[in-house]
Amino acid sequence: MNTRLSIRPALAAASFVLCVASGAASAEEIKVMLSGDAEVPPVATMATGSGTITVNADMTVSGGITTSGVAATAAHIHVGKAGMNGPVAIGLVKSGDNAWAVPAGARLDADQFQAYKEGGLYVNVHSAAHKPGEIRGQMMPAMAGK
């Protein structure tokens, strides 16, 4: 048996395992700052929000946001570039006074994950006064647009 030929599949398998292992371990924490100015159309409000959303290479998502100055009725991660509105990707759950969390086990699908990598996801918080959204913050990964 040719030794060179039998080593190639083993090297390919080892490379694949290393790539998968390193990819699964990588995660990116995205700091999100929410304001009415970022809503589409902009909303005049004193409400603000901030938090951290973590997106992992396996497309799982975790984290949460805290708001101030808004009686929030709902909060979501949406698909949409800055200046554009889009559909809900993940609904956040109320986790305390003025606090919203990504539910356990939340995961982006392949199209949503691609949008995330391109800076095309945002977090927004809805209120009775501003049903489409009162405050918003774009999720900008380090590699967006590169």
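Me: Which residues have the most contacts inside the largest nonpolar core?
Reply: In this predicted model, the largest nonpolar core holds 26 residues. Strands E1, E2, E3, E4, E5, E8 and E9 and helix H2 each give two or more residues to this core. The residues with the most contacts inside the core are Ile 53, Ile 77, Leu 108, Val 123 and Met 139.

Me: Which residues does Leu 108 touch, leaving aside those up to four places away in sequence?
Reply: Leu 108 is among the core residues with the most contacts. Beyond four places in sequence, Leu 108 touches Val 55, Met 59, Val 61, Ala 89, Ile 90, Phe 113, Tyr 116 and Leu 121.

Me: Is Asn 124 buried or exposed?
Reply: Asn 124 belongs to strand E8, residues 121-127. Its relative accessibility is 1%. Because the cut-off for burial is under 20%, Asn 124 counts as buried.

Me: Which element gives the most to the lining of the largest pocket?
Reply: The largest pocket contains about 160 Å³ of space. E1, E2 and H2 each give two or more residues to its lining. With three residues, the element that gives the most is H2.

Conventions: Residues numbered from 1 in each chain as written. Predicted model: local features only at pLDDT ≥ 70, side-chain atom pairs only at ≥ 80, totals over all residues. Heavy atoms only, no water. Helix = DSSP H or I, 4+ residues; strand = E, 2+ residues; numbered from the N terminus. Buried < 20%, exposed > 50% of the residue type's maximum accessible area, 1.4 Å probe, protein only. Core = buried A, V, L, I, M, F, W, Y, C linked by side-chain atoms within 4.5 Å. Contact = heavy atoms within 4.5 Å. 1 Å grid on protein atoms, 1.4 Å probe; cavity = no way out; pocket = protein on both sides within 12 Å on 5 of 7 lines; lining within 4 Å. Points joined across faces, edges and corners; volume = space filled by probe spheres on them.
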